[in-house]
Amino acid sequence: MTIRESDLPQSGTDKEEQSEILTGEALGECVAETLRNESLGVMVESPPRFSAETMIARLNERTSYSIGMAIVGIAEADVTELAEFAEDTSVRVTEELSTAIKWRNETETEFSWGDQKVPDRIVVFVRGDPPKLNSLHRLTGLPLGRVRVAICDLMSQRDEFSGNSPAEAFWEALGSGIESNLTIRSIARFAVSCLKDTNQESLDAIGQELHELSLFADSGLLSDAAEIENRLIRNGELVDRTIHITNRDRKRLINSIKNSNEGGRNEQAAFIERLRRFQRTNDDGLLAELEFEKVADAFDTTSKRLTDDSGKGSTDGTAGKGSTSSRYNRRTDGESVGIELVHQGEIEEASTLSQQLDKDLDEAIENDEKRVEVDFGDDEKLIIDVDSDLTHFINRFITEDRFGGIVKGGSSRTECISNYTTLDLEYFLVEEDGGSFQKMRKFAERNEDFESLVESFDAYLEARGDLLPVLKSLIHRPLVRLVGDDDLMEKAQNYLSVYQKTQKTLDRKYMSLRDASAQGARRLLSDFLLLDTIILDRESGRELILSPLHPLHLWKYVELAKAVRESDGKLSESDWKFLETTVDEQPHVLSNITVGGGRLLNEETYLIQSDELATLPIYTEADRAEPGDNVYLWDYLISKFNQAYPPSKNHFKISIVDPIRPSQVLKSIVDAAENESLSGATIEFIYVDQEEKPLLSGATSNEEEAIINLFGPEGESDAFNILTRECRDYDEVAEHLKANPKHAVIINDQSKFFVEEFERDMDTSINPLYVPKEFSYDAFEDIINISASSEGQLFSEYQDLINQLNNQRTKFHNSGVHQLTVSEDFVDNLQDSAIWVCVSTPSMNSDPFWESGLISRERRGDREYAIYSDDVDLFTRTLRRILNEYPIAPENADIEEIARRIADTERSGLLKLITEETIGSQDSRNSKGLLGSIIAVQWQMSDTRIRNSSSLSMTRERGSGSTSVIRTDGRLHRRTTIRERWPRYGYHRGEDAQRTRHCVQH
């Protein structure tokens, strides 16, 4: 007998099965409701586990249509038994998509509905990506969010809850989406958990069973119907705050124990230990033992230092005698973990971690879990945030037969990825009848000269298929997966090798192919360059995502894994340390991409890498490319300024012109306050002819709470303030700051991308940890142009193919560039109103910064920075103090010249001189390293001829300040004429020593 929702609860049926019955009931209701407005039918993709019998029974009750139903890939549904069950209904069931296609074509099958041979409507339930599914794309997709609402509606109408205002308000709030990340499975499990023997027990269970929704128990949830939704939201935020606990919140929890009366202190300590155990283990079962209001009270405790019974302050972070420390060291820096294991010789451990990653990610995505914890070592866990929406999205477009595609419509990138099933989709196929690749095969059958092209292409397809089983891991942690798996590394290297061979063959055959068919050759090449890309074609513009299998994306992870695995003692300890600390911030080596012009995508578009999603790069049209952000600037700037000018720690004043993401600087101020390196701060955001940006945009809920605590009206201190101001132009900004001076002013240059042609430098080569720069002198404009290299291995072949597509000379390539819009005069004016003025720009095609007043010039993240100051005396005093530790007697003029050169050549410039030691009175422990940098700047290398192909040199005459560019054997060099007096080392004024400066690739 079919169990229905009205039959619940069932004592002999477990909670999971009951939740599937409830889900089936809700699915049947949603499908019936959707069919009322659809002339063809409904498709339900990737549904949660459900009772198919219950769904059919509900659907049969709620519609008068004859239904042809295909159930494909639904493991919990026995189609043979379902077909028998459905004989007495208006539904006929098959597991063949081909049958549903015949129904769509109004073709008779073995099924009938009385006198009817074709159903009124078609319904398809499918998991996975079976063949022929795209043939049913005209069926209307059912958003699974409606199933959530239907479950809550069914519960609200039950006798246990109907007529009870708080209970009805609760189910309405839960159905409306108070927490969009709640899964249908968890909502259904929670719902059936609330069905008890009596109505009162069922009402009480709403607050008691909240752990099924990953929320704290809340016995007072239904006490005020008007507050239920807000209370649920706060509960969710408090759970997130617990999981991502800050040092300040840890102090609050400890203080909540100390604040308890003597009789209740042990009980509170045990409660806090349970809370901390949940934070360490993420075990939702513990949430049932943690009452929401009690947790909220603990977090509301002051974080200020309290004294214990002895009168001494406690700093050990323990919760009393019975507390235990975390068993696991939880790591989130996945790529660093992989490198560390190889460095430590833990090859077997790296292999185990690599293999376990696939299994754990599969389970997490299947259950819509937000993160996964993978054990490694004796007491460590790798924590990975799981993006289920992105994984489902990639899995739809990247299969053995599909090589990407186009999503048309959607108001945002998020909508395109989360709700792609409701949008218009096209797929890039290589075996499509009439497609470029099929035509290439037929052409090669008649022209044996092109058989090698088909053979290399087939080898590429086969090698690509070998990597599909690990697609989920390549989305989330590609380096971890590769570095621990010999077999996978061999397959990945083979894949890149055969792809490059295909590139070369296509490049070599292209002119002959174009002679045979200019249109066919161009379409083939355009379509080849589109493979393993996903286009988001929205009304606001076009974006492109590289798939995890795109060779120009996968290459950097394979090369890094190869370098680490084959190091064999070649890397020093400092090399390993560099790799471990920087690998998570490695750049996307393909900085731009050109797509379109073929059959798969008609319009040709040039796109620039401007964002990322998980590990995947996102490319945007040049005029819409994002300018990057300053996330890597704020901590560094605040720390250096406070070291240089210690009184600013009392109240740091900073103005930010045209802020990009305000929450980032606010978070850095919060961190500085928590570390007690700032006692107060005023942050002013100045907007020049643009709309204000939300202060908390981009912050996590935990970060939002910390920012509000510090800066908000109920914050813990009134010493931290936020101001906003609108100005018409830069002149008004300068006038305002003149009347309201600051310690530092940051100007975000908002120039837009444009596309420019550059000469290719075949002597450079892209590295997986950096993209080298190419330098060329423009004699007409009298400037040195700088562009990102596009050369090396697959990338040179890619550029050759792009040039073939554009009928362009192979020695040129296109690159996205910026030009500075902030003027030197404006910055000079601001130096009267601020000690430091920082200009933040996107990457430029030429050195945009002038030398007057420059104290630092460097790149951090995806932006470049120059800091200017009139207070050069600070740095000359610091430099003299360092030099005075050695038997050197430079004159003041020499020190000023050295300071200027350090600012112009050293990464971090003069800021490198600023440390707690060099500013203080004690001897500088790192002065040898600093002095080495100074000497390196002063005596630039040797006067031997340059052999480095990437060198850059100029001739600078002392006193004139002039700079000229010379070419020697086609290469660009910089030559500095030095006339300095350093008696200790034998150089005297009047002696000329030409020195050549090598530009380090970065």
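Modeller: P9 sits in the segment before helix 1. Helices (DSSP runs of H or I, at least four residues) and strands (DSSP runs of E, at least two) are numbered from the N terminus. The peptide bond from L8 to P9 is cis, and its omega is near 0°.

Two ground rules apply. Residues are numbered from 1 along each chain as its sequence is written. This is a predicted model, where local features need pLDDT of at least 70, side-chain atom pairs count only at pLDDT 80 or more, and totals for chains, interfaces and linings use all residues; side-chain values use heavy atoms, with hydrogens and water left out.

Now the charged pairs. A salt bridge here is a side-chain nitrogen of Lys or Arg within 4 Å of a carboxyl oxygen of Asp or Glu. The structure holds 41 of them. One joins E20 to R49, with the closest N and O atoms 3.0 Å apart. E20 lies in helix 1 (residues 15-35) and R49 in the loop between strand 1 (41-45) and helix 2 (52-62), so this bridge ties together parts 29 residues apart in sequence. E20 is buried at 12% relative accessibility, while R49 is partly exposed at 42%. The cut-offs: buried is under 20% relative accessible area, exposed is over 50%, and partly exposed is in between (1.4 Å probe, protein chains only). There is also a salt-bridge network, made of R4, E25, E29, R58, E61 and R62.

Further along, R231 bridges to E293, with 2.5 Å between the closest N and O atoms. R231 is in helix 9 (residues 228-243) and E293 in helix 12 (residues 292-299), so distant parts of the chain, 62 residues apart, are linked. R231 counts as buried at 12%, and E293 as partly exposed at 42%. Helix 12 also supplies K294, whose partner E267 is in helix 11 (residues 265-281), so that pair ties together parts 27 residues apart in sequence. The N to O distance for K294 and E267 is 3.7 Å. K294 is partly exposed at 27%. E267 is exposed at 54%.

Next, helix 4 (residues 97-104). Its buried residues are L97, T99, A100, I101 and W103. They pack against strand 2 (67-72), strand 3 (91-94) and strand 4 (121-126), with contact meaning heavy atoms within 4.5 Å. Just after helix 4 comes E106, with a positive phi of about 60°. E106 is not a glycine. E106 belongs to the loop between helix 4 and strand 4, and it is exposed at 64%. K132 also has a positive phi, about 75°, without being a glycine. Its place is the loop between strand 4 and strand 5 (140-141). K132 is exposed at 52%.

Last, the surface. K439, K442, R446 and R523 form a positive patch. Patch residues have over 30% relative accessible area and no salt bridge; like charges are joined within 9 Å, and nonpolar side chains (Val, Leu, Ile, Met, Phe, Trp, Tyr) within 5 Å. Lys and Arg count as positive, Asp and Glu as negative; His and the chain ends are not counted. The largest share of the patch, three residues, comes from helix 17 (residues 436-446). K442 is in helix 17, and K442 is exposed, with a relative accessible area of 52%.

Definitions and conventions. Areas by Shrake-Rupley, 256 points an atom, 1.4 Å probe, with all protein chains shown as cover. Charge placed at Lys NZ, Arg CZ, Asp CG, Glu CD.
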